[in-house]
Amino acid sequence: MFACFVTLLCALGAQALDLHRVSIHSSTAAHSTPEVHCWCSSFPHQTLCSWTDPPEAAPTHYIATYSERQKQTVTRPCHLIPPGGSLSTLNLTLPPSTQQQWLCHLPDLKLLTDYILNVTALYPDGHSVHLSTFMTEDIVKPDPPVALHVSLSDPRTVLVQWEPPSTWTNIDIFPLKYKLMYQWRRDGEIHSQHLPFCERTRVPLRGLSRGRTYQIQVCAQDVLGLGHCSDWSPPVNITVPL
């Protein structure tokens, strides 16, 4: 069954993205397939995949490997980091949701290359397998911008400044663009405004209402629009004086 699936994956090419997961069990006991999520936080050198132990019974251990789709006979082991494990050797900031998850580090992936990821969960009475295919360009997701700072430049204008995420190490080669969102409360309802993407790291917000408090956040995305925008930066509040 495994050989048939890999053959089908190769034959379908880009359509194989629809075959995102498959479970294979070697015993009569049914085990959950790992739900794996991958993202590239520093294009193209820093790719991580994460998953959570199934709630019913944790596997005895995992085996994670990856290979180029055109060179499936050449597999490489993924650097596994258990929940709560040390990330001191990696220049990474991770969202709190990943602290209790398994992490798999895939360094130095090539551009414009299809990869196959295999995460096998081993149990005393069998195993289950996650297989997925991806290109690094499709899973780019920078970390959020940092050092967000707001100040009043005149009574109704707020100057917003930030810095790119330190984990995005090749910003001169792969620049980022940014989207700014600000929110406010009026008549008990939350209103929001999104500004168009820009490559600057400082933006003035003009014509704000006096006496109103605004919550401001910024996200970052590859300048060519590859992958996804980062999570929003931690919010910063400012009140426009009366």
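**Strand pairing, disulfides and core contacts**

Histidine 61 stands opposite leucine 122 in strand 7. The structure is a predicted model, in which local features need pLDDT of at least 70 and side-chain atom pairs count only at pLDDT 80 or more, while totals for chains, interfaces and linings use all residues. Residues are numbered from 1 along each chain as its sequence is written, and side-chain values use heavy atoms, with hydrogens and water left out.

Strand 3 (residues 61–68) pairs with strand 7 (residues 114–123) in the antiparallel sense, over eight bridges. Strands, like helices, are DSSP runs numbered from the N terminus (E, at least two residues, for strands; H or I, at least four, for helices). Two strands are taken to pair if DSSP finds at least two bridges between them. Within strand 7, tyrosine 115 is the residue opposite glutamate 68. Strand 7 is also joined to strand 8 by ten bridges, and these two strands run antiparallel. Valine 119 has histidine 130 of strand 8 as its bridge partner.

Strand 7 is largely enclosed by the rest of the structure, because eight of its ten residues are buried. Here buried means under 20% relative accessible area and exposed over 50%, with partly exposed in between (1.4 Å probe, protein chains only). In a regular strand, side chains alternate between the two faces of the sheet.

Threonine 113 is located in the loop between strand 6 and strand 7. Its relative accessible area is 14%, so threonine 113 is buried. The side chain of threonine 113 reaches the backbone oxygen of leucine 111 at 2.9 Å. When residues up to four places away in sequence are not counted, threonine 113 touches Glu68, Phe134, Met135 and Thr136; contact means heavy atoms within 4.5 Å. Glu68, one of these residues, is also the one opposite tyrosine 115.

A search of the whole structure finds three disulfides, each defined as a pair of cysteine sulfur atoms within 2.5 Å. A disulfide is a covalent bond between the sulfur atoms of two cysteines. With bonded cysteines counted along the chain, the disulfides follow the pattern 1-2, 3-4, 5-6.

Cysteine 38 is joined to cysteine 49, with an S to S distance of 2.0 Å. The torsion about the S-S bond of cysteine 38 and cysteine 49 is about 105 degrees, so this disulfide is right-handed. Because cysteine 38 lies in strand 1 (residues 37–42) and cysteine 49 in strand 2 (residues 46–51), the pair ties together parts that are eleven residues apart in sequence. Both cysteine 38 and cysteine 49 are buried.

Cysteine 78 and cysteine 104 form a disulfide in which the sulfur atoms are 1.5 Å apart. The link of cysteine 78 and cysteine 104 is right-handed, with 130 degrees about the S-S bond. Distant parts of the chain are linked by this pair, 26 residues apart: cysteine 78 is in the loop between strand 4 (76–77) and strand 5 (79–81), and cysteine 104 is in strand 6 (residues 102–107). Cysteine 78 has 8% relative accessibility and so counts as buried. Cysteine 104 is likewise buried, at a relative accessible area of 0%.

In the disulfide of cysteine 219 and cysteine 229, the sulfur atoms are 2.3 Å apart. With 85 degrees about the S-S bond, the link of cysteine 219 and cysteine 229 is right-handed. Cysteine 219 lies in strand 14 (residues 213–222) and cysteine 229 in the loop between strand 14 and strand 15 (236–239), so parts ten residues apart in sequence are tied together. Cysteine 219 counts as buried because its relative accessibility is 4%. Two further cysteines were examined for burial. Cysteine 40 counts as buried at 0% relative accessibility, as does cysteine 198 at 14%.

The largest nonpolar core has 44 residues, of which Leu106, Leu117, Val158, Val160, Leu180, Leu205 and Ile216 touch the most other members. A nonpolar core is a set of buried Ala, Val, Leu, Ile, Met, Phe, Trp, Tyr and Cys residues joined through side-chain atoms within 4.5 Å. In soluble globular proteins, nonpolar side chains tend to be buried together. Neighbours within four places in sequence aside, leucine 106 is in contact with His45, Thr47, Cys49, Tyr66, Cys78, Leu117 and Phe134. Among these, Cys49 is bonded to cysteine 38, and Cys78 to cysteine 104.

Definitions and conventions. A polar contact is a pair of N or O atoms within 3.5 Å; within protein, one must be able to donate a hydrogen and the other to accept it, and residues adjacent in sequence count only if both atoms are side-chain atoms.
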